[in-house]
Amino acid sequence: MTVDPKLLTGLGAALSIFLSGTGSAIASAHSGVYAIRSQDTQGLKGLVPIVISGVLSIYGIIVSIILSSKFQKELTEEDGYRNLSAGLSVGLACWASGWGMAFLSNSVMSKDRSIGRQRLLLK
């Protein structure tokens, strides 16, 4: 049974956008909470994780544009699997990076809260 290589390429492009967008959204949500809570201490430096999480979605868009440009030429089944794996690898890497940024933001916020409690006790 053969699989249409253009279907595999389309799936790779779609998964690249979807997974990198999901990772970017997760990171943006947690980074936004971090930016609001650290507004008094860090100012505009708290917005840096939001910008970095926006770059994650750009990676997925770039890869999906590259993969969708391959629709015009004749593809073999091997090329289709290559394109699927390219989209999956970029998408999953951005998704994992978004979760990593979310966990990092949460751990920094919990550490800041514990330091704030210690400062209150010292006063």
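A: Rings of Phe, Tyr and Trp (its six-membered ring) pair if their centres lie within 6.5 Å; planes under 30 degrees apart count as stacked, over 60 as edge-to-face and the rest as tilted. This is a predicted model, in which local features need pLDDT of at least 70 and side-chain atom pairs count only at pLDDT 80 or more, while totals for chains, interfaces and linings use all residues. Residues are numbered from 1 along each chain as its sequence is written, and side-chain values use heavy atoms, with hydrogens and water left out.

Q: How many aromatic pairs does a search of the whole structure find?

A: The search finds two aromatic pairs. Trp-95 and Trp-99 have ring centres 6.5 Å apart and planes at 80 degrees, so this pair is edge-to-face. Ring pairs join Trp-95, Trp-99 and Phe-103 in a cluster.

Q: Where do Trp-95 and Trp-99 lie?

A: Helices (H or I, at least four residues) are DSSP runs, numbered from the N terminus. Both residues lie in helix H4, four residues apart, about one turn of the helix. Helix H4 covers residues 77-122.

Q: Is Trp-99 buried or partly exposed?

A: Buried means under 20% relative accessible area, exposed over 50%, and partly exposed in between (1.4 Å probe, protein chains only). Trp-99 counts as partly exposed because its relative accessibility is 31%; Trp-95, at 35%, also counts as partly exposed.

Q: What does Ser-53 contact, leaving aside its neighbours within four places in sequence?

A: Contact means heavy atoms within 4.5 Å. Ser-53, in helix H3 (residues 48-68), is in contact with Ser-24, Ala-27, Ser-28 and Met-101. At 0% relative accessibility, Ser-53 counts as buried.

How values were computed: Helices (H or I, at least four residues) and strands (E, at least two) are DSSP runs, numbered from the N terminus.
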